[in-house]
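Reader: I have a model on my screen and would like to learn how to read it. Could you walk me through some of its contacts?

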Amino acid sequence: MNNLTGNNSSEMLHLLLDGELASVQEVPLFSALAANENLRGEMKDLIAIRNSVHRDEEAFIPPFAATAAVFQSTGFSLPLAASAVAAGTTGGGFYSILKSVWVPILVAGMSAFITYFLVSANYNQQIASIKSGIQKNYAVNNAQSNAGNSGQIMNNHPTAPKVIIKYVKVPAIISSESTVSNADALPTIEPIADNISSTRIHYQNPASIHLNPILNTPFKPMSSAYEPMYAKLSIHPKEYMFILRGLTGATVPSVNASTPAGSGLSNISLGFYFLSPYNNIHIGVEGGQEPFSQNFVNTEGGRKFRYEQRPNVVFGGVGAIGKLNSKIDFLYDAQPFGQLFVGGSELGPLGKMMAGLTWGSDNLGLNAFLALEGSFLAYQNQSIWYTSQKFGITYGFSVQF
Amino acid sequence: MSNLDQYNDIELFDMLNSDKKTAELAFAELYLRHSSRIYAYCRRFLGNKDDAQDVFQDTFVKFVESAKKPRSMTNVPAFLLRITRNLCVNVKRKEKYPITFEDYMVPDVHENNDNEELLKLIKMAMDIIPEEYKDIFILREYDGLSYTEIAEVTNTTLSAVKIKLFRAKQKIREILSPYLSELNKY
């Protein structure tokens with residue numbers, strides 16, 4: 001067959017399937033198809049071959065490494081759109097990133113504000129309750145135990161906080177002269193009651209009351225040996241903490257693609273945390289950038305394309321860090337800690353869990369840490385959700401102030 | 001100029017000679033439009049993944065270089081495919097030991113998916129038919145080119161395209177006939 005005449009049924013069938021058959025040839029072909037079983041079989045074969053070819057996903061997807069190599073060798077920078085387009089998004093540049101992460105940034109910002117507000121409000125509330133408690137107890141004490149001359153005392157000194165005796169756990173009988181120092185130098189009272197008749201008390205401003213942990217012993221003048229009230233209230237003086245961490249690990253699913261060059265700092269995150277009202281738990285915000293592998297199918301023009309890539313992903317969110325009080329002696333006083341992180345990324349929601357050890361000095365506020373980390377990223381493409389996991393090690397240091 | 005999908009291929013090709021920012025965006029848009037068919041041609045014509053990636057990369061390098069020379073561009077995908085074809089042919093010429101059909105014919109007892117198995121057999125069949133047939137078959141089935149476009153890319157006549165494509169499909173069908181006849185029973 002040197003020439004294709006198009007008159008042969010088989011030839012016409014090929015032309016039909018390729019959309020090249022002239023309309024005048026359609027009727028003869030359909031008649032032949034109706035009459036010829038072999039021709040129908042040939043049509044089935046050709047359709048099966050074509051359908052299989054169109055499912056050849058591997059052939060239609062340039063690997064991300066190849067794409068990166070093309071842009072590098074042509075002297076162009078790989079646009080963010082190249083990775084974004086695979087995830088079903090469009091656009092590029094900073095605006096594209098911002099558009100993708102504005103929700104997590106907003107949530108993180110609000111969380112930071114709320115956290116700060118709660119911490120501040122809780123602190124002020126505790127101080128306020130102390131003050132009100134002092135006044136209240138003062139009144140009770142006044143009514144119950146100082147019905148006699150104490151009433152006169154109170155008349156003379158209406159703000160005299162006798163409740164201070166309860167707060168500082170003054171012993172039932174104070175035999176020797178004791179003094180509670182008074183920053184505001186309130187008037188001296190003597191005697192106060194029968195059971196403390198020999199006591200000389202100098203009252204102090206309730207807000208600066210210091211507790212004497214020793215019972216049944218005379219009070220000593222206030223000095224630096226007294227433990228600050230903040231310690232009793234579980235509010236650590238170093239309320240804020242900056243964290244800088246590096247991240248490394250293996251990604252699942254495994255893809256034959258490398259992270260594109262020139263996409264900025266990678267495998268790094270920065271966090272800012274507040275000390276929460278709960279012991280040894282910091283709450284705050286954290287954000288950074290690290291690569292996650294993606295392996296998904298994209299349908300374009302009726303064809304399916306499998307994408308494999310490993311883009312750098314910007315993320316942000318809220319986290320909680322908890323430390324155990326105990327230290328491990330044989331690991332150079334290492335202190336175990338754990339962290340939970342929930343947030344978002346430019347591709348989708350992101351969660352992280354960490355557990356490890358931290359070393360350093362709480363007094364100096366400087367700590368180094370090393371931990372195992374697991375990350376979970378969910379992303380959507382053409383209404384189908386995919387996941388990407390990462391397991392590895394995180395390390396870095398924190399500064400508290 | 002962040003949204004370039006409103007420009008046609010020829011306008012984008014002309015933009016490659018503009019300032020770097022514009023050229024970068026224009027190239028990215030052209031890449032998104034045509035990279036799949038270029039890669040498909042390389043991958044199926046050469047078979048070897050590494051060779052395919054090398055040719056794929058070289059194609060775009062030559063494409064960008066050609067934009068710097070004075071040229072009247074009429075059909076960008078055809079131009080890209082011509083570059084790709086020439087590079088693929090060069091790679092094939094350097095091959096000392098072409099892989100034969102028999103090398104591939106190792107039955108895979110773990111293969112349960114009919115479609116995947118058929119696709120594997122088609123790829124094997126493509127490697128044993130003459131390259132001039134394979135070339136046309138890929139341009140038609142993988143790159144979706146019409147007969148006229150294939151004639152333009154391959155610089156042959158329309159009737160030659162029809163004949164080669166017909167023969168390519170017939171040969172592939174002939175190779176796969178034992179499998180296809182089994183498949184059609186179900």
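Predicted model: local features only at pLDDT ≥ 70, side-chain atom pairs only at ≥ 80, totals over all residues.

Reader: Which parts of chain A does the pair of Lys352(A) and Glu290(A) tie together?

Author: Look at where each residue sits. Lys352(A) belongs to strand E10 (residues 349–361) and Glu290(A) to strand E5 (residues 281–291), so the pair links parts that are 62 residues apart in sequence.

Reader: How many salt bridges does a search of the whole structure find?

Author: Over all chains, the search gives 16 salt bridges. Across the interface of chain B and chain A, the rule finds five. Asp45(A) and Arg173(B) give an example, their side chains meeting at 2.9 Å, N to O.

Reader: How should I think about the size of an interface?

Author: Interface size is often given as the accessible area that is lost when the parts come together. Here about 4,000 Å² is buried between chain B and chain A, and carbon and sulfur atoms give 61% of that area. The contact takes 46 residues from chain A and 44 residues from chain B.

Reader: What about polar contacts, and which helices supply the chain B side?

Author: Between the two chains, 13 residue pairs are in polar contact, both residues being at pLDDT 80 or more. On chain B, helices H2 (20–46), H3 (49–68), H6 (114–128), H7 (131–142) and H9 (158–185) each supply at least two residues of the side that touches chain A. H2(B) gives the most, with 13 residues. By class, this side of chain B has 23 nonpolar, nine polar and 12 charged residues.

Reader: How do H2(B) and H7(B) cross?

Author: Follow the two axes: they come within 10 Å and cross at roughly 145°. The crossing of H2(B) with H7(B) is right-handed. Residues making the contact include Tyr41(B) and Phe45(B) of H2(B), and Ile138(B) and Leu139(B) of H7(B). The contact residues divide into six nonpolar, no polar and four charged.

Definitions and conventions
Residues numbered from 1 in each chain as written. Chains lettered and ligands numbered in written order. Heavy atoms only, no water. Contact = heavy atoms within 4.5 Å. Buried area = accessible area lost by both parts, 1.4 Å probe. Salt bridge = Lys/Arg side-chain N within 4 Å of Asp/Glu carboxyl O. Polar contact = N/O pair within 3.5 Å; in protein donor to acceptor, adjacent residues only side chain to side chain. Helix = DSSP H or I, 4+ residues; strand = E, 2+ residues; numbered from the N terminus. Nonpolar A, V, L, I, M, F, W, Y, C, P; charged D, E, K, R; others polar. Axes fitted to C-alpha atoms, helices over the stretch in contact; angles between N-to-C directions. Left-handed = near helix turned anticlockwise from the far one by under 90°.
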